[in-house]
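Hi,

Here is the structure I said I would pass on to you. Have a look at it first, then read my notes below.

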Amino acid sequence: MTLSAARQGDCLFSALLSPEEFCRRFAGCPFVCLSGGRICFCDDGALTPVMEAATLPLPGKHQLLDAMAAIALVWGDVPTEAMAEALCAFRGVPHRMQTVAVVRG
């Protein structure tokens, strides 16, 4: 969602901005960010940790970004613990991001 399309109460997400830069540019807009290896919700500068990014079972930065976007979509409607539990339990869909072979180690 673009900032201009945000409604009151929406939570934003950006893969491109640090928490500090997001706060500077969009003061007052809640958002999801990565801080100290944790996925966090930020509102008015206060960080609420959701989960350790390293506990996500699927590899790849794109998977981390997908998880952060999912948190932004459900923030305020789903308890933090339930978000972390669901993301840690998600193993992906069949035939996507599966190891086919290991060659030379």
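(Exposed means over 50% relative accessible area, buried under 20%, and partly exposed in between, using a 1.4 Å probe and protein chains only.) Arg 104 sits in the segment after α3, and its phi is near 55°, a positive value in a residue other than glycine.

Two bits of housekeeping. This is a predicted model, where local features need pLDDT of at least 70 and side-chain atom pairs count only at pLDDT 80 or more, while totals for chains, interfaces and linings use all residues. Residues are numbered from 1 along each chain as its sequence is written, and side-chain values use heavy atoms, with hydrogens and water left out.

**The overall layout**

The protein chain has 3 helices and 4 strands, in the order β-α-β-β-β-α-α along the sequence. Helices (H or I, at least four residues) and strands (E, at least two) are DSSP runs, numbered from the N terminus. Of the 105 residues, 30% count as buried.

**The strands**

Strands β2 (residues 31-35) and β3 run antiparallel and are joined by 5 bridges; two strands count as paired if DSSP finds at least two bridges between them. Val 32 has Phe 41 in β3 as its bridge partner, and Leu 34 stands opposite Ile 39 in β3. These two strands make a hairpin with 2 residues between them, and Gly 36 in the turn has a positive phi of about 60°.

Next along, β3 and β4 also pair in the antiparallel sense, over 6 bridges. Here Cys 40 has Pro 49 in β4 as its bridge partner. Their hairpin has 2 residues between the strands, and Asp 44 takes a positive phi near 55° there.

**The cores**

What holds the most contacts inside the largest nonpolar core? That core has 15 residues, and Val 32, Ile 39, Met 51, Leu 56, Leu 64, Ile 71 and Leu 87 have the most contacts inside it. (A nonpolar core is a set of buried Ala, Val, Leu, Ile, Met, Phe, Trp, Tyr and Cys residues joined through side-chain atoms within 4.5 Å.) The elements giving it two or more residues are β3 (38-43), β4 (46-52), α2 (61-74) and α3 (80-89), and α2 gives the most, with 5 residues. A second, separate core of 5 residues includes Phe 31, Cys 33, Cys 40 and Cys 42.

Take Ile 71: leaving aside neighbours within four places in sequence, Ile 71 is in contact (heavy atoms within 4.5 Å) with Val 32, Ile 39, Val 50, Met 83 and Leu 87.

**Helix α2**

The buried residues of α2 are Gln 63, Leu 64, Ala 67, Met 68, Ile 71 and Ala 72. After α2 comes Gly 76, whose phi is positive, near 90°.

**The cysteines**

How many disulfides are there? The count is 0, taking a disulfide as a pair of cysteine sulfur atoms within 2.5 Å. The sulfur of Cys 40 is 5.3 Å from the closest cysteine sulfur, in Cys 33, so it is too far for a bond. Cys 40 is buried, with a relative accessible area of 1%, whereas Cys 88 is partly exposed, at 26%.

Cheers
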